[in-house]
Amino acid sequence: MEKEKIASFNLPTYREIPNVGLYLDQVSKYINECFNDLPGFSITNSMISNYVKHDIIANPVKKLYYRDQIASLIFITLSKGETSLDNLKNLLAKQQEICDCEQAYSYFSQSFNEALHNIFTEKTEVLDNGETRRHHMVNTIVSSVVHQIYLNAEIESFIAE
């Protein structure tokens, strides 16, 4: 995938997410189309059904999913590789106590878009030789692992509040 495509990727705004009621197939298709330019992120019908079964997202209303559920599924699609589903379930429940879905999703999507754009803008400097590039890759992996450890500790602390 071209770095330029990734660097210019944006999540849909809350208001851009359909609120007309979508069936399961339509929801997974919509979310997967949202992530066409972002490799490694997808969702299946069975995953969505599993999230409903485990009360991670609200049950569909007459088999239809609406904006809040779809926004939560977008968040889950991006976050499921970073923490456990139990942590995501608890985090979404805690979020509902603090603010509505529109506020939470809007903050999340804005933060995500800015972070993605910033990292791709910052990292465009030319790495002059193989050794520098190897060091850069090792540092990026270490940073990712450390951030994941920190994230899980923070989520557990936040949920316990």
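Which helices are included in what covers the buried residues of α2? In this predicted model, the cover includes α3 (45–53) and α4 (67–79). The buried residues of α2 are Val27, Ser28, Tyr30, Ile31 and Cys34. Because these residues span an arc of only 160 degrees around the axis, they fall on the same side of α2. Asp25 and Lys29 are exposed, and they are carried by the face of α2 that is turned away from the buried side.

Aromatic contacts were examined next. A pair of aromatic rings is described by the distance of the centres and the angle of the planes. Over the whole structure, the search returns 7 aromatic pairs. In one of them, formed by Phe9 and Phe112, the ring centres are 6.3 Å apart and the planes stand at 90 degrees. The pair is therefore edge-to-face, as angles over 60 degrees are assigned to that class. The relative accessible area of Phe9 is 5%, so Phe9 is classed as buried, the limit being under 20%.

A further aromatic pair consists of Tyr105 and Phe108, with a centre-to-centre distance of 6.4 Å and an angle of 55 degrees between the planes. This geometry is tilted. Both residues lie in helix α6, where they are 3 residues apart, about one turn of the helix. Tyr105 and Phe108 are both buried. Through ring pairs, Phe9, Tyr14, Phe35, Phe41, Phe75, Tyr105, Phe108 and Phe112 are joined into a cluster.

Charged side chains were also found over aromatic rings. Tyr14, a member of the cluster, has Arg67 over its face, at 5.3 Å from the ring centre. At Phe158, the charged end of Lys94 sits over the ring, at a distance of 5.7 Å from the centre.

His135 was considered separately. This residue is located in helix α7 (residues 130–160). With a relative accessible area of 45%, His135 is partly exposed, because that class lies between the limits of 20% and 50%. Along the chain, His135 and Lys3 are 132 residues apart, and their C-alpha atoms are separated by 20 Å.

Note on methods:
Residues numbered from 1 in each chain as written. Predicted model: local features only at pLDDT ≥ 70, side-chain atom pairs only at ≥ 80, totals over all residues. Heavy atoms only, no water. Phe/Tyr/Trp six-rings, centres within 6.5 Å; stacked < 30°, edge-to-face > 60°. Buried < 20%, exposed > 50% of the residue type's maximum accessible area, 1.4 Å probe, protein only. Helix = DSSP H or I, 4+ residues; strand = E, 2+ residues; numbered from the N terminus. Lys NZ or Arg CZ within 6 Å of the ring centre and 35° of its normal. Arc of directions from axis to C-beta. Contact = heavy atoms within 4.5 Å.
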